[in-house]
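The sequence and the structure are shown first, and the description follows.

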Amino acid sequence: MGKDFSRFYQMRNEYRLVKASAFSHSMDLRTMTQSLVTLAEDNTAFFSSQGPGETARRLSNVFAGVREQALGLEPTLGHLLGVAHHFDLDTETPANGYRSLVHTARCCLAHLLHKSRYVASNRRSIFFRASHNLAELEAYLAALTQLRALAYYAQRLLAINRPGVLFFEGDEGLTADFLQEYVTLHKGCFYGRCLGFQFTPAIRPFLQTLSIGLVSFGEHYKRNETGLSVTASSLFTGGRFAIDPELRGAEFERIIQNLDVHFWKAFWNITEIEVLSSLANMASTTVRVSRLLSLPPEAFEMPLTSDPKLTVTISPPLAHTGPGPVLARLISYDLREGQDSKMLNSLVKSEGSRLELRPRPQQAPRSRALVVHIHGGGFVAQTSKSHEPYLKNWAQELGVPIISIDYSLAPEAPFPRALEECFFAYCWAVKHCDLLGSTGERICLAGDSAGGNLCITVSLRAAAYGVRVPDGIMAAYPVTTLQPSASPSRLLSLMDPLLPLSVLSKCVSAYSGTETEDHSDSDQKALGMMGLVQRDTSLFLRDLRLGASSWLNSFLELSGRKPQKTSLPTSEVVRPTESMRRSVSEAALAQPEGLLGTDTLKTLTIKDLSFKGNSQTSDTPEMSMSMETLGPSTPSDVNFFLRPENSHEEGEAKDDVGTMGRAPRVRAAFPEGFHPRRSSQGILHMPLYSSPIVKNPFMSPLLAPDSMLKTLPPVHIVACALDPMLDDSVMFARRLRDLGQPVTLNVVEDLPHGFLSLAALCRETRQATELCVQRIRLVLNPPAAPLS
């Protein structure tokens with residue numbers, strides 16, 4: 001009986017949230033704020049007259065707080081909304097981080113408005129649940145307070161940045177203050193009762209289940225000495241977290257702030273547990289072929305597009321671990337010619353052929369098209385198996401074979417290993433498309449999140465090698481710059497349950513090869529002697545690598561000139577242990593200046609990019625794009641994360657000198673009397689600085705020179721309005737548009753990052769997934785050219 005009532009209340013609250021969301025869209029911001037303030041004042045007066053009871057006093061205080069925060073927030077939101085259109089790609093695509101932040105705040109205001117009306121109508125009833133409504137109001141008041149802080153940060157970004165630029169551009173002092181303020185903000189309120197309030201209601205039950213599983217798995221992870229064992233049972237031991245949202249939010253915040261990238265790798269790979277993956281496959285489309293292939297690490301020749309009579313050698317991946325096979329999964333709805341050939345069967349890995357026993361009269365002919373897919377997972381987690389359910393649907397809807405690449409993951413295999421493997425597998429698929437059941441007339445690269453980044457960079461590398469580039473790219477919510485720069489959409493990482501700021505930074509650090517870990521004393525005891533030795537050795541090697549890089553760049557700077565083409569060969573200035581890492585840029589460096597341009601990459605940051613649509617070059621000689629020659633970050637570079645610990649004293653020294661006349665500190669962005677809530681989880685342990693490697697255009701394509709971006713095929717981007725990575729998509733699309741490159745940008749509303757993996761969850765995710773399929777179909781079947 002109690003469960004029935006709980007389910008009734010949950011369904012009723014979800015229905016009310018839908019009504020509140022629809023109501024928020026029908027009211028302008030000022031009208032909504034005035035209505036909320038009026039109701040808050042009325043409720044405050046009522047509960048103030050109810051005597052000295054604790055509940056009545058807290059209800060009175062919470063409504064007074066709602067009134068104060070709503071009045072303080074409305075002018076800032078109005079200002080942001082008034083200028084947001086300047087940052088859109090075009091009038092048909094009204095989307096950027098400023099709009100997303102305003103929309104999120106409106107959702108919170110709408111919920112508080114609905115709840116305030118409910119309280120005003122039912123506060124005298126004997127069935128009025130004062131404690132329940134108080135807890136919900138206090139949670140949303142905390143969220144509104146933090147959203148007000150984010151709005152002030154966004155306003156600060158707006159004041160500092162150049163017109164039309166979404167990423168943070170400030171001096172070192174502003175950057176330091178911004179970071180110190182932002183990372184200390186309280187986040188737990190967004191992971192308890194308010195979890196997912198900004199998303200479509202159909203997503204929220206999934207997010208609640210995910211959060212319960214996360215905190216339960218976190219407890220299991222802490223108890224496990226190795227921290228790496230994953231069992232399905234560890235997800236179903238969180239009863240106390242299910243019934244206590246505040247406890248769940250606090251534990252969620254503790255986990256995202258303190259657990260390392262290995263925890264997230266293990267948690268995100270839960271979907272690949274045999275039981276869960278089998279359930280997912282049972283609910284997905286049945287396909288004729290799903291085979292895991294092992295591509296041998298053997299070099300082969302590819303024809304040059306400029307002259308097919310000439311060839312270029314495609315070498316197997318070498319970085320970090322040396323030559324090794326590359327895994328890829330072939331998925332096909334129909335059994336096509338070539339897919340059961342002896343040569344392909346010889347490549348099938350031990351899991352073997354997965355042929356469904358459906359009657360087919362004969363093999364289908366080869367498709368004229370092929371999709372090469374690269375999965376997401378923050379560069380650190382998941383495989384094609386995690387993404388197989390929606391890929392099966394794609395295979396059926398598109399009627400073409402799909403090969404999904406299982407690249408090696410960070411931190412064990414940092415950049416450029418994943419790029420090398422994806423490029424090798426892409427070239428292998430192009431050369432051997434007949435084995436995959438395709439003639440290869442049209443080829444589309446498709447990927448999501450980190451996979452979208454790799455799709456773009458694989459295309460850049462294909463152009464640098466001079467081999468065939470894909471006919472188009474479909475990138476879903478891609479990350480286009482790993483340079484940790486603040487933007488209005490990235491501010492949303494404070495509340496995003498799927499992409500929290502600290503998790504993003506740990507993934508970037510792992511992929512860039514600069515992973516750092518900070519262990520408490522208890523953690524050190526758990527590690528044991530051998531664990532400590534391994535950890536200290538890895539930290540020593542990391543410091544040695546970065547120290548050598550800094551020494552090299554310091555030497556080049558002190559010499560008073562940039563590295564010339566006549567300088568020492570790369571092999572003479574790179575340490576032997578890093579010789580394999582150079583391969584990411586060898587093909588690009590072998591091309592004439594006309595391909596790569598002469599843009600210097602040493603101090604390239606987002607604010608150095610031109611969005612005027614012309615490719616300007618300087619007299620600065622072309623530089624190597626290898627990680628050793630990109631140079632250290634300069635004081636003007638924007639670092640969205642904390643600085644190294646040893647720079648703390650340097651920062652204090654700089655503060656003591658020359659503080660007069662300096663620009664206002666970020667803290668001044670908060671009006672007097674406003675104090676956002678601070679985290680109670682201690683110092684946020686996260687990567688402390690940005691490595692120069694993240695400026696490499698093969699890692700951050702948004703930072704690529706115009707001459708490189710002009711080599712890209714048509715790019716179709718599908719982004720999420722509430723995704724912290726939204727501004728990556730908007731700015732990348734603007735760069736391509738300004739260069740005259742064919743690009744489309746579609747932005748779906750009210751869905752989180754990673755919606756492709758939630759394709760079967762609800763109508764909204766199915767529609768968004770279908771949009772991705774339409775973009776791929778546009779590449780594979782382009783509209784006929786008009787008759788002249």
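## Surroundings of proline 478

Apart from neighbours within four places in sequence, proline 478 is in contact with Ser449, Gly452, Asn453, Ile717, Met725, Asp728 and Ser729. The model described here is predicted. Proline 478 is placed in the loop between strand E8 (472-476) and H16. Because its relative accessibility is 1%, proline 478 counts as buried. The C-alpha atoms of proline 478 and isoleucine 456 are 9.2 Å apart in space, while the two residues are 22 residues apart in sequence.

Serine 449, one of the residues in contact with proline 478, has a positive phi of about 55° although it is not a glycine. The loop that holds serine 449 lies between strand E7 (438-448) and helix H15 (450-465). With a relative accessible area of 12%, serine 449 is buried.

Histidine 320 is not a glycine either, yet has a positive phi, of about 70°. It is found in the loop between strand E3 (311-314) and strand E4 (326-332). A relative accessible area of 26% makes histidine 320 partly exposed, because the class of buried residues ends under 20%.

## Two cis peptide bonds

The peptide bond that leads from alanine 410 to proline 411 is cis, and its omega is near 0°. Proline 411 has its place in the loop between strand E6 (402-406) and helix H14 (417-431).

A cis peptide bond also leads from phenylalanine 415 to proline 416, with omega near 10°. Proline 416, too, is found in the loop between E6 and H14.

In soluble globular proteins, nonpolar side chains tend to be buried together. In this model the largest nonpolar core has 208 residues, and Leu150, Ile314, Trp394 and Phe755 are those with the most contacts inside it. Helix H5 (residues 130-160) supplies the largest share of this core, 17 residues.

Beyond residues up to four places away in sequence, phenylalanine 755 touches Tyr477, Val718, Cys720, Val748, Thr765, Ala768, Thr769 and Cys772.

## Packing of H13 with H24

Two packed helices are described by the angle between their axes and the distance between the axes. The axes of helix H13 (residues 384-398) and helix H24 (residues 763-780) cross at roughly 50° and come within 11 Å. H13 and H24 are therefore oblique to each other, and H13 passes H24 in a right-handed crossing.

On the H13 side, the contact is made by Trp394, Glu397 and Leu398, and on the H24 side by Thr769, Glu770, Cys772, Val773, Ile776 and Arg777. Sorted by class, this contact of H13 with H24 has 5 nonpolar, 1 polar and 3 charged residues. Trp394 is also one of the residues with the most contacts inside the largest nonpolar core, and Thr769 and Cys772 are among the residues that phenylalanine 755 touches.

## Packing of H9 with H16

Helix H9 (residues 245-258) packs with helix H16 (residues 501-512) at an angle of about 20°, and their axes are 8 Å apart. That angle makes H9 roughly parallel to H16, and H9 passes H16 in a left-handed crossing.

From H9, Ile256, Gln257 and Asn258 meet Ser502, Val503 and Lys506 of H16. The classes in the contact of H9 with H16 are 2 nonpolar, 3 polar and 1 charged residues.

Conventions: Residues numbered from 1 in each chain as written. Predicted model: local features only at pLDDT ≥ 70, side-chain atom pairs only at ≥ 80, totals over all residues. Heavy atoms only, no water. Axes fitted to C-alpha atoms, helices over the stretch in contact; angles between N-to-C directions. Helix = DSSP H or I, 4+ residues; strand = E, 2+ residues; numbered from the N terminus. Parallel < 35°, antiparallel > 145°, perpendicular 65-115°, else oblique. Left-handed = near helix turned anticlockwise from the far one by under 90°. Contact = heavy atoms within 4.5 Å. Nonpolar A, V, L, I, M, F, W, Y, C, P; charged D, E, K, R; others polar. Core = buried A, V, L, I, M, F, W, Y, C linked by side-chain atoms within 4.5 Å. Buried < 20%, exposed > 50% of the residue type's maximum accessible area, 1.4 Å probe, protein only.
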